[in-house]
Every structure is written in structure tokens, then in C-alpha cells.
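This report is for a reader who is new to the structure.

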Amino acid sequence: MARTASVPSPSRLWIRNPLAVFTANGLEAGGGLVVSEGKIAELVPAGGQPSAPCDETFDAGRHVLLPGLVNTHHHFYQTLTRAWGPVANAPLFPWLQNLYPVWARLTPESLELAVEVALAELLLSGCTTAADHHYLFPAGLQDAIDVEAAVVRRMGMRATLTRGSMTLGEDEGGLPPRSTVQDPETILADSERLIRQYHEPGEGAVIQIALAPCSPFSVTKEIMAESAALAEKHDVRLHTHLAETLDEEDFCREMFGLRTVDYLESVGWLGSRTWLGHGIHFDDGEIARLGAAGTAVAHCPTSNMRLGSGTARVLELEAAGVPVGLGVDGSASNDASNMVLEARQALYLQRLRYGADVPVERALGWATRGSAAVLGRADIGQLAPGLQADVAMFTLDELRFSGSHDPVAALLLCGADRADRVMVGGTWRVVDGAIPGLDVAGLAAKHTAAARKLIAG
Ligand SMILES: [Zn+2]
């Protein structure tokens with residue numbers, strides 16, 4: 001496995017005079033920003049100088065600066081089943097039912113490769129923090145989250161790793177096969193172990209743990225309620241899929257006699273500790289209730305379009321007080337892990353719903369500050385003094401940008417797909433469009449072989 005070399009940051013680095021900056025908070029930083037000890041020490045106004053001498057400067061005259069992008073919903077393991085023919089044109093339920101038996105064959109080795117591919121892809125697209133929802137723990141893969149944590153650390157990114165779970169097998173009216181579900185005692189004991197072992201509660205955290213029963217159609221109400229109690233005990237966040245498709249809404253009505261938000265409330269999840277993957281099929285009253293509770297939504301536009309699931313009512317959710325961020329979702333329903341392209345998709349999907357005056361900056365805001373709020377983090381997602389020095393820098397040198405005028409708008413409108421430089425906590429993790437020390441061709445060869453083996457069975 002390739003190791004990611006890190007280049008230590010100097011004690012004061014001035015990223016000087018960028019082509020353009022989006023700070024995600026209205027603060028002005030036309031002269032760039034100063035990084036010290038892993039944090040943003042100060043923003044420099046246009047034409048200004050840092051308040052104290054700097055040991056090093058990086059001339060950012062070709063670069064558009066953004067806060068490091070934050071991905072709020074993913075299933076890293078799914079990079080192994082991208083664009084698989086049998087489900088290339090399927091909606092959610094048959095898509096899942098065809099894939100569950102394949103995923104049940106995951107091994108620690110194939111998962112490790114999948115996580116490394118997903119994180120490398122995200123990092124190269126300007127993402128510095130990623131949430132992953134992992135809910136498959138077949139025999140031999142009980143340490144899945146431990147495998148993920150090791151790769152996150154090696155890549156030098158930040159992650160919220162969610163301990164997912166499935167308890168409602170086909171034989172009990174659920175969707176997943178019995179071989180992929182676990183008993184509640186095992187799930188809760190492992191959840192507590194992972195929180196104690198990995199969860200960093202404070203500022204600058206590299207790894208956080210959240211609890212994430214998979215979806216209404218794959219878990220019992222008991223594990224939802226027990227997970228909520230455990231999350232409260234340890235002050236960690238809660239995550240699940242909700243209101244993704246109308247099939248799911250029908251399932252909730254038939255199985256529990258409730259609509260999705262009533263179901264959420266009935267298991268103690270309607271609160272500010274919770275973020276929901278998708279959040280599409282809510283009525284006006286449900287949006288108001290989610291907003292009042294401060295429950296957050298991870299908007300996953302590409303996945304929603306790919307599976308034909310529907311369009312989240314993002315502007316109305318935000319107006320009601322719901323924090324909204326973006327997620328690329330699992331790489332078998334996207335089928336990419338590219339955060340900057342996801343911001344473009346979000347912009348266009350929401351313009352289809354609300355009209356062309358949804359600003360580019362609003363979509364960039366969902367991908368940065370909004371996503372950070374969804375993960376419950378105030379230390380990332382913006383460029384501001386005192387926050388973590390997580391920065392994504394894009395050049396406009398490719399042909400697709402030729403003739404563009406507004407550099408920030410050009411990122412989304414011309415379709416930027418790759419960062420030139422990415423910094424996480426003051427350390428460069430992408431340099432000249434590449435991850436130092438990562439053998440991409442070697443990784444892809446091993447990952448492809450693992451993907452073929454998984455499908456072959
Ligand atoms: Zn998902």
C-alpha cells in the first residue's frame with residue numbers, strides 16, 4: 001500500500017494574492033491568508049500585508065482559494081461496484097437487492113482498497129473532510145471501521161466514520177439478506193468500542209465517530225432508539241438515510257404505520273444531533289418540524305438523479321432552519337467521488353427546481369460551511385482566523401476555463417473537477433494535482449482486481 005508523504009508546513013506561510021477567494025462567510029481575503037500551526041492565523045485584505053513576518057510565501061496568483069470541501073454522505077466500499085451492468089438503470093430498491101449479495105462478500109483487503117480509492121478521489125477534488133456510512137459487517141469484516149480509520153490517517157484527511165448497522169433481514173420484512181444483518185447487542189457493543197477508541201470530540205479532530213442505523217427498511221425501531229440513547233450518552237452524532245424514495249415512504253406506512261418524519265420522531269431522532277442522507281420527500285409541515293428541531297440534511301444530487309429518486313427541496317429546508325450540506329453518496333449510485341462536481345450538480349438541480357437565480361456561491365456554501373454544520377463542526381468549512389487550515393486551491397489553466405471571466409463562478413460553470421493544491425491542517429496533501437507518495441496506477445490496478453473478484457464471487 002502506498003504511503004502518503006507529507007510536506008511539513010513552515011511556522012508562518014502566506015498563501016499570497018490569489019486569483020480569487022471564496023471564504024464562505026463574507027470575510028474579505030483578497031490578499032490571501034496566513035497559515036500557522038495548522039490553523040488560519042489571519043486573512044489578508046486585497047493589497048495588504050500580513051500583520052507579522054512570514055517564513056515562507058506561496059504565490060497563489062493562478063489559484064482560486066476555497067475552504068476545503070466537506071462531504072457529508074458516502075459509502076466508500078461502493079467504489080468496488082461502480083457502473084455494474086445489472087443495476088446501471090435500476091431505481092433504489094432493486095438496485096439494493098441486486099447489490100446486497102455482492103457486498104456481503106467484502107473483505108478487509110477489498111475494503112481497504114475501496115476506502116483508499118474513495119479518499120484519494122475526494123482529496124484530488126478538493127475535499128478535506130469526508131463522512132462515510134458503513135453498514136456492512138459480514139463474517140471476517142467486523143473491523144471495517146478500524147480499516148477505514150487507518151486509511152484516513154494515512155491519507156492525512158479528516159473523517160466522520162459512522163458505525164452503520166442493519167438488523168431487519170428479509171425474513172422479518174426488511175430488504176437486506178440475513179447474512180448482512182447483525183444482532184443489536186453486537187452493534188451497540190461495537191459502537192461503544194469505536195467511540196471510545198477513535199472519537200475525537202474537540203477542535204481539529206481527525207476522526208469522529210457517529211452512529212448510523214442504515215435506513216427504515218433495513219433496521220428495527222429498537223436499534224434506532226438504542227442508538228439514539230448511546231449517541232446521547234457519548235455526545236456523538238446520528239446519521240441515517242431518510243425520505244430518499246417514495247418506496248421508502250410506502251414501506252414506513254406499511255411497516256410502522258407512520259410517515260418518515262413521524263417515524264424519526266417516534267425513535268427519538270428528531271433533533272440537532274441527527275443528519276439525514278437525501279431528505280427528498282418531505283411535505284411542508286415536515287420541513288417545518290425538521291427546521292425547528294435543527295435536524296440536518298445531506299443533499300446528494302447526483303445519486304438522486306442517477307436513481308431517479310427525486311429532488312430535495314433545499315431552499316425551503318434552509319429557510320426552515322435545516323442545515324444543508326452536500327454528499328457524493330456511495331460510489332455505486334453516482335458513480336464518482338468528486339466533491340467539486342457535486343457542488344455543480346447541486347447548483348443545477350436546485351436551479352431546475354427554483355430558477356436560475358440560485359447563486360454559484362450558495363452551492364459552494366453547501367459544499368463547505370453548510371456541510372461542516374451538518375457534521376456538527378465549527379472548526380472547518382470556512383476561511384476565517386482561528387479555523388483549521390483546510391484549503392482547496394484550483395487553477396483555471398485547462399481548456400475548459402479559457403474565456404471565463406469570474407474565477408469563482410468558472411469553477412462550477414466550466415466544470416472544475418480537480419484541485420491543484422489541497423491543504424489539511426496546514427499540511428499540503430495535494431501538490432500539482434497529485435497526492436505526494438501515492439501510486440495511483442498501482443492503486444487502481446489492485447482496486448480493479450478486487451472489484452472483479454467481488455463481482456465474480
Ligand atoms: Zn447513501
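Helices (H or I, at least four residues) and strands (E, at least two) are DSSP runs, numbered from the N terminus. By that numbering, Ala 83 sits in the loop between strand S7 (69–71) and helix H1 (92–103). The model is predicted.

**Backbone exceptions**

Ala 83 is not a glycine, yet its phi is positive, at about 45°. Ala 83 is exposed, because 11 other C-beta atoms lie within 10 Å and a residue counts as exposed at 12 or fewer. Asp 235 is another non-glycine residue with a positive phi, here of about 55°. Asp 235 also counts as exposed, with 11 C-beta neighbours inside 10 Å. A cis peptide bond joins Asn 334 and Asp 335.

| Position | Angle | Loop |
|---|---|---|
| Ala 83 | phi about 45° | between strand S7 (69–71) and helix H1 (92–103) |
| Asp 235 | phi about 55° | between helix H5 (221–234) and strand S11 (237–242) |
| Asp 335 | omega about 0°, in the bond with Asn 334 | between strand S14 (324–326) and helix H11 (339–354) |

**Domains**

The domain assignment divides the chain into domain 1 (13–68 + 382–430) and domain 2 (70–374). Their C-alpha centres are 29 Å apart. Where they meet, 28 residues of domain 1 are in contact with 25 residues of domain 2. On the side of domain 1 that touches domain 2, at least two residues each come from strand S6 (63–67), strand S15 (391–395), helix H13 (407–413), strand S16 (421–424) and strand S17 (427–430). H13 gives the largest share of that side, five residues. By type, the residues of this side of domain 1 are 16 nonpolar, eight polar and four charged.

Strand S1 (residues 13–16) pairs with S5 in the parallel sense, over four bridges. Arg 16 has Asp 59 of S5 as its bridge partner.

Another open sheet has eight strands with parallel pairing, in the order S7-S8-S9-S10-S11-S12-S13-S14. S7 and S14 are its edge strands, each pairing on one side only. On average, with direction ignored, neighbouring strands of this sheet are turned by 25° against each other. Strand S13 (residues 296–299) runs parallel to S14 and is joined to S14 by three bridges. Val 297 stands opposite Val 324 in S14. Helix H4 (residues 184–198) packs on the sheet and touches strand S9 (158–165) and strand S10 (207–213). The direction of H4 makes about 165° with that of S10.

**Nonpolar core**

In soluble globular proteins, nonpolar side chains tend to be buried together. Which residues of the largest nonpolar core touch the most other members? They are Leu 119, Leu 123 and Ala 343, in a core of 141 residues. Helix H2 (residues 108–124) supplies the largest share of this core, eleven residues. The core lies between domain 1 and domain 2, because both give residues to it. Leaving aside residues up to four places away in sequence, Leu 119 touches Ala 130, Val 151, Val 152, Met 155 and Met 157.

Technical notes. Residues are numbered from 1 along each chain as its sequence is written. This is a predicted model: local features need pLDDT of at least 70, side-chain atom pairs count only at pLDDT 80 or more; totals for chains, interfaces and linings use all residues. Domain bounds come from an automatic or database domain assignment. Two residues are in contact if their C-beta atoms, placed from the backbone, lie within 7 Å. Ala, Val, Leu, Ile, Met, Phe, Trp, Tyr, Cys and Pro count as nonpolar, Asp, Glu, Lys and Arg as charged, and the others, Gly among them, as polar. Two strands pair if DSSP finds at least two bridges between them. A nonpolar core is a set of buried Ala, Val, Leu, Ile, Met, Phe, Trp, Tyr and Cys residues joined through C-beta atoms within 7 Å. A residue is buried if 20 or more other C-beta atoms lie within 10 Å of its own, exposed if 12 or fewer, and partly exposed in between; C-beta atoms are placed from the backbone. Axes are lines fitted to C-alpha atoms, for helices over the stretch in contact, and angles run from 0 to 180 degrees between N-to-C directions.
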